[in-house]
Amino acid sequence: MSVATERYARSQANFAAAQAVIPGGVNSPVRAFRGVGGTPIFFDRGQGAYVWDVDGNRYIDYVLSWGPLLLGHAHPTVAQAIAEQAQRGTSFGAPTELETELARLVIDLVPSIEQIRFVNSGTEATMSALRLARAATGRRLIVKFTGCYHGHADMLLVQAGSGVATLGLPDSPGVPPAVAAETITVEYNDLDAVANLFANRGAEIAAVIVEPIAANMGFVLPKPGFLSGLREMTQRYGAIFILDEVMTGFRVAPGGAQALWGLDPDLTCLGKVIGGGLPVGAYAGKRQYMQLVAPAGPMYQAGTLSGNPLAMIAGLTTLRTAFANDGAAFEQAVTLTTNLANGLRDLGTRYRIPLQVGNVGTMFGCYFLRHPDAQITNYAEAKANADTQRYARFFWAMAERGVYLAPSQFEAGFVSTAHTAADIEQTLAAAEEAFAQL
Ligand SMILES: *Cc1c(COP(=O)(O)O)cnc(C)c1O
């Protein structure tokens, strides 16, 4: 990998120091840049659509902390709300009005949600939703899809996407085989395989959990009928249908993928945007199930910092700002995302670089394909058909031109309400130069 060393000198020094005291130098694996080579870029600050690294280079940011920053970095209203709340106390371990306010807002936005429990991460959200599904059904088996990532809980770290995909790791050591054995994986978009599974073991299946867009193995859209088929099948066999909208929630539409595509899941997992850049997750859904959660019901789940006012105010302010005035700011970001995706598609055609570009709402993805006629509709195809080396060259060519993309082919991209048409133009101009080099 030819990376201009001088340009990233301080990042490299920072990374060396970090590796001495933090495993791999990072607190979450994809940050280590194994997917693109070189050493990770260390950041100093962010403002709106831009981030500055410790060497003083500025980038247009399409990672946005992996999705949460719908309004961009340090949005003034959010920053002020956080600062004011910090003065009044950051956590009480007791209820505050803000939790009810955020709960009401989410219930208004997301069609299937009647009650919600806040936690501190997406991992906690999916882990708790599965416990709830098992409690509600009295069954053990979980069905998930290969390459979908639902956080790092034991029973979900089976054929997972995101960093697990980037690093090419098998299932993680440390996950007890007995736990992994309760999770059955099926290829994404393969409804027939799910139907077979239900036909054979339907009475044992507690839940099906799915990402409505598989965006932790790149960007794979559900085939028409796939998600509604899962809804129908889970209903027929009495299993819980869990839509993991940790990434798509408030990103593909104000009401998430379920609002966009008319889905009615039993439970929904949320995270990322709902915390506006602070650690928040949530699991939510039909009252009949949520009423099983302690202390309303017997399923135990708790959290010292859950629903803390700092995180709640960040989430509330982010959602209110993004969706004020009939969602004008959000719609503008959607338009820019569409323009970016279309621009990349055009460049691919003009420079004869086979791409598979996808976009929904404020999310997008761009696979570099090994063959012009290759297609990616699931994880097996993503591994076989995505040209990760070409992506790595593209990533660094863009970084040199002031555009920060996900440091892995197997991650989605994000646009914020702070991005402008000029940012998109500049990004496409950089991409054109990069394509000319590829
Ligand atoms: C990011 C993500 C998670 C995990 O959330 P964390 O806050 O990182 O624990 C779960 N599910 C999906 C779909 C995600 O994208």
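Between which two strands does the loop that holds Leu278 lie? Leu278 is located in the loop between β9 (267-270) and β10 (281-285), where helices (H or I, at least four residues) and strands (E, at least two) are DSSP runs numbered from the N terminus. The model is predicted: local features need pLDDT of at least 70, side-chain atom pairs count only at pLDDT 80 or more, and totals for chains, interfaces and linings use all residues. Residues are numbered from 1 along each chain as its sequence is written, and side-chain values use heavy atoms, with hydrogens and water left out.

Leu278 has a relative accessibility of 23% and therefore counts as partly exposed; buried denotes under 20% relative accessible area, exposed over 50%, and partly exposed the range in between (1.4 Å probe, protein chains only). When neighbours within four places in sequence are left aside, Leu278 is in contact (heavy atoms within 4.5 Å) with Ile82, Leu310, Ala311 and Ala314. For Leu278 and Ala314, the C-alpha to C-alpha distance is 6.8 Å, at a separation of 36 residues in sequence.

The loop between β9 and β10 also contains Lys272. An unreviewed UniProt entry annotates Lys272 as "modified residue: N6-(pyridoxal phosphate)lysine"; UniProt positions are given in the numbering used here, feature names are shortened, and annotations may be inferred rather than shown by experiment. Lys272 counts as partly exposed because its relative accessibility is 26%. Beyond its neighbours within four places in sequence, Lys272 contacts Trp66, Pro68, Val246, Met247 and Val280.

The structure holds 21 aromatic pairs, defined for rings of Phe, Tyr and Trp (its six-membered ring) with centres within 6.5 Å; planes under 30 degrees apart count as stacked, over 60 as edge-to-face and the rest as tilted. The rings of Tyr8 and Trp396 are edge-to-face, since their centres are 5.3 Å apart and their planes stand at 65 degrees. This pair links distant parts of the chain, with Tyr8 in the segment before α1 (9-21) and Trp396 in helix α13 (residues 388-400), 388 residues apart. Both Tyr8 and Trp396 are buried. A further edge-to-face pair is formed by Phe368 and Tyr391, at 6.1 Å centre to centre and 65 degrees between the planes. Here Phe368 belongs to strand β12 (residues 363-368) and Tyr391 to helix α13, 23 residues apart. Phe368 is buried at a relative accessible area of 0%, and Tyr391 is buried at 6%.

One aromatic cluster comprises Tyr8, Phe33, Phe43, Tyr59, Phe395, Trp396 and Tyr404.
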